[in-house]
Amino acid sequence: MRFIIQRDRLVHSVQEVMKAVTSRTTIPILTGIKITAAEDGVTLTGSDSDISIQSFIPIEEDENEIVEIKQSGSIVLNARFFGDIVRKLPMDTVDIEVLNGFQTIIRSGKAEFNLNGLDAEEYPHLPIIEEDQTFKLPADLLKTLIRQTVFAVSTSETRPILTGVNLKVEDDELICIATDSHRLAMRKAKIDNKVVGSYSVVIPGKSLNELSKLLDDTNELIEMVITENQVLFKAKNLLFFSRLLEGNYPDTSRLIPNESKTSITVHSKDFLQAIDRASLLAKEGKNNVVKLTTLERGVIEVSSNTPEIGKVSEELQAESIEGEELKISFSAKFVMDALKALEGTDITINFTGAMRPFIIRSLHDDTMLQLILPVRTY
């Protein structure tokens with residue numbers, strides 16, 4: 001195998017596939033990147049067996065030559081060393097040649113590296129995915145969907161299914177739900193193309209975080225292909241595979257209360273900053289608990305009290321308060337995460353009592369919902 005390639009394109013592709021490579025793997029060959037040179041271009045693959053990323057570099061793009069293939073073939077090179085080498089090469093082009101015995105020579109300008117490779121035949125094959133269930137989403141929307149839900153997945157392995165985001169497709173609508181059983185984030189979005197049937201899968205939160213880093217903030221369409229145990233995201237010159245989590249995601253619809261006893265509309269930024277300040281003295285406490293109390297004339301009080309440190313209280317003018325008086329305690333972190341995820345200047349919070357979950361929504365956007373369980377304080 002031998003090819004000459006533009007260094008910046010190679011660096012970019014290496015960085016993309018490195019997101020799937022981990023040093024903590026039981027399969028030694030997966031610490032490497034698989035490089036395949038064929039007639040149409042060069043493909044790089046990285047995998048940790050949960051996530052696999054494939055980046056393709058075409059021979060030419062917009063009539064600019066990017067790669068010159070001298071001889072096709074494939075090799076697996078240690079990801080960390082190869083990544084460091086190509087990033088620090090002196091010239092704009094790189095010449096990569098594989099000799100007998102998987103010896104790989106990397107040349108650029110006057111620099112020449114000799115790296116021991118591994119047999120690409122040993123590298124696990126990527127899943128073959130039947131593309132009968134596909135739909136498309138703009139990259140920026142997919143990125144937003146991930147950002148607004150993935151923070152609420154569970155970090156505990158006691159219920160593995162909750163470490164993922166539940167993705168449901170029904171009636172041309174995509175619904176993303178994440179919960180760690182103390183809070184829940186939900187976001188809905190319309191799908192433009194017709195989807196046959198409905199399905200529900202759970203994608204690991206870790207996979208979605210990595211995918212989000214790879215997506216650009218453009219409206220380029222990303223194709224999603226879902227099978228029984230894999231999901232594939234296809235962008236231009238990029239394939240991102242992730243395994244799905246096994247098991248049934250809990251039915252979260254019954255957690256969402258229909259009625260509310262107290263409803264508060266408040267400016268999101270002011271509320272967020274007040275909670276942030278109140279949590280300053282609560283951080284040392286077990287769950288940084290902050291208390292919200294409704295007062296007269298549309299005023300809410302945000303306070304916290306940690307006996308050994310001190311206490312803080314702040315009054316905030318709400319846009320409106322309707323319904324019963326309320327005192328409720330909650331985790332400052334959970335509410336701050338939820339407020340950061342919501343887009344909109346004004347939010348409405350609906351409470352059904354001091355011990356029941358409450359819901360935060362943007363005032364003018366019903367595609368998004370954040371639900372939080374209060375904290376019992378005695």
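Predicted model: local features only at pLDDT ≥ 70, side-chain atom pairs only at ≥ 80, totals over all residues.
I take helices (H or I, at least four residues) and strands (E, at least two) as DSSP runs, numbered from the N terminus. I number residues from 1 along each chain as its sequence is written, and side-chain values use heavy atoms, with hydrogens and water left out.

**Entry: α1 and α2**

Helix α1 (residues 7-18) packs against helix α2 (residues 79-88) at about 150°, and their axes are 9 Å apart. The two are therefore roughly antiparallel (an angle over 145 degrees). I looked up the contact (heavy atoms within 4.5 Å): α1 contributes Arg7, Leu10, Val11, Val14, Gln15 and Met18, and α2 contributes Ala79, Arg80, Phe82, Gly83, Val86, Arg87 and Lys88.

**Entry: helix α6**

I next checked burial, where buried means under 20% relative accessible area and exposed over 50%, with partly exposed in between (1.4 Å probe, protein chains only). Eight of the 10 residues of helix α6 (residues 332-341) are buried, so the helix is largely enclosed by the rest of the structure. Among the buried residues I noted Phe334, Met336, Asp337 and Leu339.

**Entry: glutamate 315**

I located glutamate 315 in strand β23 (residues 310-317). Glutamate 315 counts as exposed because its relative accessibility is 55%. Leaving aside residues up to four places away in sequence, I found that glutamate 315 touches Leu295, Val299, Ile300 and Glu301. Its C-alpha atom is separated by 50 Å from that of arginine 24, 291 residues apart along the chain.

Terms used. Axes fitted to C-alpha atoms, helices over the stretch in contact; angles between N-to-C directions. Parallel < 35°, antiparallel > 145°, perpendicular 65-115°, else oblique.
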